[in-house]
Amino acid sequence: MSQVDVFALNALSASIRDLHTARMETGECCDEGIRNAERLLQNTEDELQFSQVLFTAAQAEEAAKLALQLKADARMASALAEEAAAIASGNPAAIAVASAEAIAAGAELAEATEEYQRAREHRERLEHRRDLAQKCVDLAQAALDMLRLRYQYGSVQLSE
């Protein structure tokens, strides 16, 4: 009977060691998972900051291109007014000069409009990128919070 008791004690002792080892390994895995989730959150936050910088620069570029387009539009309006005045005067030389200016202003306006449209589209793409980065941050934060909550719940369950 004493041999059975010793055997039972040895088995119980081995089970306790195994449970302790499993608990430690589980804790280490959970800690590693949390560290990975924290790194992922940091990476997504870094991407969000970078995307915001790019978006802000694109906004400034778009504003500059819009200013150039408005300047070209004003030049075109002025050239068209001069051309109308030249036509009204009936002076062929004045009409030719005014028409040449209107053509040049039209070309400048077309180019400025195209550049502005490209800048606007670029800004919209970067705005979308920034919005996606924000969603990634939100998802990474939610995943980290859930992982921490599950780890705490599991720790309490193991302690009981």
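The structure holds zero disulfides, a disulfide being a pair of cysteine sulfur atoms within 2.5 Å. Cysteine 30 is accordingly in no disulfide, and the nearest cysteine sulfur, that of cysteine 29, is 7.0 Å away. This is a predicted model, in which local features need pLDDT of at least 70 and side-chain atom pairs count only at pLDDT 80 or more, while totals for chains, interfaces and linings use all residues. Residues are numbered from 1 along each chain as its sequence is written, and side-chain values use heavy atoms, with hydrogens and water left out.

- Cysteine 30, at 25% relative accessibility, counts as partly exposed, a class between buried (under 20% relative accessible area) and exposed (over 50%), with a 1.4 Å probe and protein chains only.
- Cysteine 136 is also partly exposed, with a relative accessible area of 40%.

**Individual side chains**
- Leucine 41 touches Val137, Ala140, Gln141 and Leu144, leaving out residues up to four places away in sequence, where contact means heavy atoms within 4.5 Å.
- Glutamate 62 counts as buried, at 11% relative accessibility, and, its neighbours within four places in sequence aside, is in contact with Tyr116, Ala119, Arg120 and Arg123.
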